[in-house]
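Biologist: Could you take me through this model and tell me what stands behind the terms you use for it?

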Amino acid sequence: MTAGSARLAPYLLTGPALLVCLCLLLAPLGATVLLSFYDWGQYKGIVEEFTLKNWVEVVSDSYFLEVFLRTLRIALAVTVLSMLLGIPEAYILNRMSPPWRGIFLLIVIGPLLISVVARTLGWALLLGSTGILNQGLISLGLLKTPVEFMFSETGVIIALTHVLVPFMILSVWASLQRLDPQVENAAISLGATPSAVLRRVVLPQVVPGILSGAVIVFALAASAFATPAIIGGRRLKVAATLAYDEFLNTLNWPLGAVVATLLLIALVVAVVTSNRMIERRYAQVFE
Amino acid sequence: MSRNGPLALAFHALFVSFILAPILIVCAVAFTPEGFLSLPTRGLSLRWFRAILDYPEFIRAFRDSVWLAALSSTVAIGLAVPAALGIVRYRFPGREAMTALFMSPLMVPHVVLGIAFLRFFSQIGLSGTFLGLVLSHVIVILPFALRLVLAASYGMDQRIEHAAVSLGANAATVFRRVTLPLILPGVVSGWMLAFINSFDEVTMTVFIASPSTTTLPVRMFLYIQDNIDPLVTSVSACLIAMTGVVMILLDRLYGLDRLFLGGGKA
């Protein structure tokens with residue numbers, strides 16, 4: 001191979017993918033940001049004139065603020081719940097012996113491959129006022145009248161936690177796999193109690209895994225669409241379902257583009273800064 | 001290694017029931033003999049599975065979904081294999097930026113992608129077309145395909161290729177007879193993961209699908225928005241069963257945790 005073709009080779013190999021990403025990812029995203037600055041009217045449609053009115057409308061209207069706050073609240077709740085459930089479960093899985101470990105790992109992570117619509121449908125069946133959860137709680141005497149979990153934030157949070165908790169388990173699982181079991185044994189031989197080993201030896205080493213799992217869960221929860229649309233119904237809007245409405249029902253595309261741009265910026269900033277912080281703080285773990 | 005205590009096992013049992021409950025309930029309700037949503041307490045019936053056959057929209061959407069997933073994951077793998085080899089073999093200006101760009105669709109919310117493609121395709125006259133669906137799906141699944149091919153390429157011993165070259169093989173032969181067979185597990189798993197992600201995608205597709213070309217998850221989503229009846233549970237049950245088969249295949253072939261975590265030393 002000549003020196004010239006060796007210099008060219010990497011670009012020839014990555015070229016097709018690069019071209020596709022430039023034309024089909026950066027161009028459409030750029031066009032969306034541009035769209036958010038266009039004028040729109042009920043009868044005139046989209047007018048390609050620069051205006052800030054969509055941005056002013058979204059920022060000043062308390063309805064949009066409410067939707068964004070609800071999205072943030074749901075995403076935070078789902079992240080916390082996923083941590084509370086996912087961290088212990090990953091730890092328990094890691095301590096299982098081989099045949100069971102593989103089987104339960106498949107059961108716990110496998111649902112990631114099942115369509116979100118099918119999984120959410122299950123929660124709609126469980127959570128409805130005549131659903132299984134209500135019947136169970138009533139027959140146990142814990143409830144007198146059925147509670148409507150459907151179309152409520154609680155319902156959305158429960159279903160979203162179910163959809164996203166496997167990501168938390170995966171992330172914690174990965175960092176548990178990197179642990180050296182000898183360190184645990186050393187702590188035990190030095191007289192540490194099991195809880196001290198967990199708290200002072202295991203936990204500090206898996207913190208980066210927990211945090212990066214939390215970032216993934218938060219980002220996916222904040223931009224989730226199908227689950228809040230089905231469980232939350234038409235009334236309980238989050239950012240993603242709001243944008244959907246503006247695009248396909250109200251047909252105010254520029255306004256929907258503002259919502260989408262805000263969501264994109266908020267998430268990219270949140271993900272990039274938290275990943276930076278995690279990597280800097282725990283640099284030694286990522287060597 | 002210490003065992004899990006009874007408390008831990010109780011937590012584990014509760015957690016596994018939490019994970020399985022909504023999936024099992026869908027499958028149980030699908031077998032109801034009644035005309036409304038209920039658990040099959042009066043025996044099992046296949047009437048709602050037969051009802052799928054009378055509802056051609058689901059069948060057509062399923063066929064479109066399979067074609068879409070097969071086409072877009074093949075295109076994505078076709079882009080990912082050379083790109084991965086370029087990234088692994090060479091150090092060149094823009095290498096990190098390019099890798100970040102290829103992986104970036106993972107970070108962009110699918111609802112934003114849906115909006116972006118809806119606008120973009122209506123501008124260039126691709127809205128509502130099957131080609132538009134394929135192109136948008138290629139973008140979304142490229143990171144999954146690329147990550148697994150990258151992991152396989154990093155894990156490959158390049159001296160084997162050098163040996164082939166020194167024995168007189170030309171570049172095409174080396175790729176076909178040496179490189180490709182060595183990275184094949186990564187390529188196959190990458191294709192399957194890309195296929196599943198394309199097949200399951202709903203958030204982005206709901207924006208750009210048209211009534212005539214739509215996918216199964218979108219069709220199910222729109223159906224559920226109107227009303228939930230046993231028909232959609234039997235469709236979901238079929239989907240869950242098929243996914244289960246693929247899941248076990250992938251686990252045998254590659255290991256499910258490695259599949260999601262990127263595997264190897266990427």
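Modeller: The secondary structure of chain A comes to twelve helices and two strands. This is a predicted model, in which local features need pLDDT of at least 70 and side-chain atom pairs count only at pLDDT 80 or more, while totals for chains, interfaces and linings use all residues. Residues are numbered from 1 along each chain as its sequence is written, and chains are lettered from A and ligands numbered from 1 in the order in which they are written.

Biologist: What makes a stretch a helix or a strand here?

Modeller: Both are DSSP runs numbered from the N terminus: helices are H or I with at least four residues, strands are E with at least two. Helix H4 of chain B, residues 95-103, holds Ala100(B).

Biologist: Why is Ala100(B) called exposed?

Modeller: A residue is exposed if 12 or fewer other C-beta atoms, placed from the backbone, lie within 10 Å of its own, buried if 20 or more do, and partly exposed in between. Ala100(B) has 10 within 10 Å, so Ala100(B) is exposed.

Biologist: How many of the residues in chain A are buried?

Modeller: Buried residues make up 44% of the 287 in chain A.

Biologist: How does chain A compare with a compact globule?

Modeller: The radius of gyration is taken over C-alpha atoms, and the globule rule is 2.2 Å times the number of residues to the power 0.38. For 287 residues a compact globule would have a value near 19 Å, but chain A has 24 Å. The C-alpha atoms of chain A fill a box of roughly 80 × 75 × 30 Å along the principal axes.
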